[in-house]
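Please walk through the nonpolar packing and the aromatic pairs of the structure shown here.

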Amino acid sequence: MAHAGQLSLITADSLEAWRLADIFISYSSRDRSKADELAKHIALQGYSVWWDRADLQAGDAWRARIDKEIQSASTLVALWSTSAAQSEWVRDEIKRAQDQGIRVLPVLLDNTLPAPEMKNVQQLRYDLAEIVREVRTGPLSSIAEASALASVQLARPEFVGNIKRNRIN
């Protein structure tokens, strides 16, 4: 950590830490339009959101990147539908989050019964305002309030927003 009068070296790893998101969206590719709508709505509320379509780049080691993003998230929002129930990836992401103690917020898109892993977890219907209310009452609420009060502006907007994880050494 840099002290007064010292410069802190910003590395690719430290910049990557600023990009890690608060909310991870898990969904079936058939439900992509709902994931896109939800990601935009949550981001407008001041939270950083990660979902594969917007954030995976060509050449990324996608399995490692997904694991890293799940580990860093405070909440995994699982868009649950018939398609999600048939998706090995969605179920795996939910299990990984639960195994790591990450809050899972199941959002029901249709009348598909929740996965066994989620049957004891309160679920929501797809309602943007209600989902945001749940995100706000979760572990991010005080962080979001703190970052709303902060007047920190960095040169590039993708580095703004994740005050709770100050990983620059």
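**Nonpolar cores and aromatic pairs**

The largest nonpolar core comprises 20 residues, and those with the most contacts inside it are Ile-23, Ile-25, Leu-38, Ile-42, Leu-79 and Ile-131. Such a core is a set of buried Ala, Val, Leu, Ile, Met, Phe, Trp, Tyr and Cys residues joined through side-chain atoms within 4.5 Å; buried means under 20% relative accessible area, with a 1.4 Å probe and protein chains only. Two or more residues each come from strand 1 (23-26), helix 2 (32-44), strand 3 (75-80), strand 4 (103-108) and helix 7 (128-137). Helices (H or I, at least four residues) and strands (E, at least two) are DSSP runs numbered from the N terminus. Apart from this core lies another, of 18 residues, including Ile-94, Val-104, Ala-115 and Met-118.

This is a predicted model: local features need pLDDT of at least 70 and side-chain atom pairs count only at pLDDT 80 or more, while totals for chains, interfaces and linings use all residues. Residues are numbered from 1 along each chain as its sequence is written, and side-chain values use heavy atoms, leaving out hydrogens and water.

The whole structure holds 2 aromatic pairs, where rings of Phe, Tyr and Trp (its six-membered ring) pair if their centres lie within 6.5 Å, with planes under 30 degrees apart counted as stacked and over 60 as edge-to-face. The rings of Phe-24 and Trp-50 are stacked, because their centres are 5.1 Å apart and their planes at 20 degrees. This pair links strand 1 to strand 2 (residues 49-50), 26 residues apart. Phe-24 is buried at 1% relative accessible area, and Trp-50 is buried at 2%.

The rings of Tyr-27 and Trp-51 have centres 5.5 Å apart and planes at 65 degrees, so this pair is edge-to-face.

Methods:
Buried < 20%, exposed > 50% of the residue type's maximum accessible area, 1.4 Å probe, protein only.
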